[in-house]
Amino acid sequence: MKTAAQSLVQIPLARGLPVLGNALELANDVAGYLTAQYKQLGPVFRVRALQREMVVLAGVEANLFYAQEGKNLFRSRDFWQEQDEEFGAKRSLISMDGEDHVRLRKVQRPGYARSALLENLPTAISIITQEIAGWPLSQPLPALYSIQRIVTEQLSVIAANHSAKEDLDTIITAVRTILATRVTKQHPGVLRRLPGFRKAKARFMEIGGEVIASHSPSLREGKQPDLVDALLALHREDPDFLPASDMMTAVLGPFIAGLDTVASTTAFILYALLKYPDLAQQVTVEADELFANGLPDAAALRKMDVTHRVALEAMRLWSIAPALTRTTTQEVHFAGYTIPANTDVIIATTVPHHLAEYFPDPEQFDIERYSAERNEHRQPDAYAPFGLGPHTCLGQGLAEIQMTLVIATLFHFAELRLSPANYELGFDPVPTLSPDKNMRFTVTRLRHPIQS
Ligand code: HEM
């Protein structure tokens, strides 16, 4: 019988620098790098980053395999437990596996459902319009940050009944430092000793305490239960399952969930629209139809066809979560190779996004891929911006509606331009892919008056 080390050595190794290994390529362009290696080495290969080695499973075959076997053969805990520790928790939804994970996911589902946003549309729209009203005309505004202000406020108000506006900078510092030093490890842990981070984290934890205090049953009587109500009810019912120490990560979820996901993706959508004026024009027509009879409703939002297809294409080309990280729970047999138990693994979920056999001319931005005739995203296991398997994004439906709503409201009320007009998309890969800080826009005029 082969030893674990013998099995691993048989798996092709991606070429890289001594010590650094493939760290630089992995840090800068995960999807591009993994796609290039997949083409060269096939669906299983090893990569090295600093002293760490990981086995990559890539291609539609890997996506299918993980979707079917993810629950049994892989665990999530190892990659997320440091983040839990940072919050004083033993475990959280993303770090849990098995039946416990299924139980907590079920409790969190309604709080992150599409309906949570649809039932609060006037609030969600007013958060956008109030933000637009504060934007000075003809002055460059930072794209990602301006959208983070909207998205995080919407999620924290809707899922936690708490405004994050005054604390946004603090939240960004805390969340990004924790992710970059504890999860993705792109930055050294010493950053967590800086006074700026310590202050930000202390305030973030304080916000968690305030949110919990404001959800005592007496204060919430008669109100529609939100995510935090559901978590507190579970804690009261079964404190061994969800102890007070594990509440913080769950309760702070709404403040974290959109920052590096919906916000970055919406900024990418904005880039595409400002780069391709014909798309912007079609989206503006849809947006005006949406608001034609006053406040839009759910049915009208669902009709936003071009806007939705631009979002699908932005998520294909610029996936904010290009791969999943897991550990094998037992010996895994895939594509002719044996991966020993307890091996760190990357499931390269978005490699097929960049393969011409599924998405012809894959680096081209083309929303016709999603026309009824082509439906390229519906090919089995080829399109996975929201992940796959047991931890598939719980906020997918909400995120899609939120992005559509933000873009439609922006384009209905404001005329926007890139600043400078010839800006070309650049990326910041830390902690997850987002447009770089040079992406700015200006409001050239308001198209419709905004009521305060
Ligand atoms: C464009 C926006 C978004 C993208 C592309 C995205 C992507 C993802 C991906 C790839 C995962 C799987 C991570 C893994 O398996 O390791 C995930 C998990 C998750 N997402 Fe999202 N996400 C987005 C927005 C949101 C929003 C808005 C929410 C909440 C309102 C949310 C809540 C969650 C939760 C709770 C999980 C963990 C699920 C579990 O562990 O069972 N996401 N997301």
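Guide: A residue is called buried if 20 or more other C-beta atoms lie within 10 Å of its own, exposed if 12 or fewer do, and partly exposed in between, with C-beta atoms placed from the backbone. Helices (H or I, at least four residues) and strands (E, at least two) are DSSP runs, numbered from the N terminus. This is a predicted model, in which local features need pLDDT of at least 70, side-chain atom pairs count only at pLDDT 80 or more, and totals for chains, interfaces and linings use all residues. Residues are numbered from 1 along each chain as its sequence is written.

Visitor: How are strands joined to each other?

Guide: Strands of a sheet pair through backbone hydrogen bonds, either parallel or antiparallel. Two strands count as paired if DSSP finds at least two bridges between them. Strand 1 and strand 2 (residues 52–58) run antiparallel and are joined by six bridges. Arg-46 stands opposite Val-55 in strand 2, and Arg-48 stands opposite Glu-53.

Visitor: Which strand pairs with strand 2 in the parallel sense?

Guide: Strand 8 (residues 344–348) does, over four bridges. In that pairing, Ala-58 stands opposite Ala-348 in strand 8.

Visitor: In what order do the three strands of the open sheet lie?

Guide: The order is 4-12-9, with antiparallel pairing. Strand 4 (141–142) and strand 9 (414–418) are at the edges with a single partner strand each, so one side of each has no neighbour in the sheet. Strand 12 (residues 440–446) is joined to strand 9 by five bridges and to strand 4 by two. In strand 12, Phe-441 has Leu-141 opposite and also Leu-418 opposite, while Arg-445 has Glu-415 opposite.

Visitor: Why is helix 14 described as largely enclosed?

Guide: Six of the eight residues of helix 14 (residues 244–251) are buried, so the rest of the structure largely encloses this helix. Among the buried residues are Asp-246, Met-248 and Val-251. Two residues are in contact if their C-beta atoms, placed from the backbone, lie within 7 Å. The buried residues of helix 14 pack against several helices, including helix 5 (77–86), helix 9 (143–160) and helix 11 (195–213). Leaving out residues up to four places away in sequence, Val-251 touches Ala-160, Gly-208, Val-211, Ile-212, Val-228 and Leu-231.

Visitor: What is a nonpolar core?

Guide: It is a set of buried Ala, Val, Leu, Ile, Met, Phe, Trp, Tyr and Cys residues joined through C-beta atoms within 7 Å. The largest one here has 90 residues, and Val-251 and Val-406 are among those with the most contacts inside it. Helix 20 supplies the largest share of this core, eleven residues. A second, separate core of 35 residues includes Leu-34, Val-47, Ile-346 and Ala-384.

Visitor: How many residues surround the ligand?

Guide: A residue is near a molecule if its C-beta atom, placed from the backbone, lies within 6 Å of it. Here 22 residues surround the ligand, and the closest are Thr-261, Gly-387, His-391, Cys-393 and Gly-395. Helix 16 (262–275) and helix 20 (396–413) each supply at least two residues of this shell.
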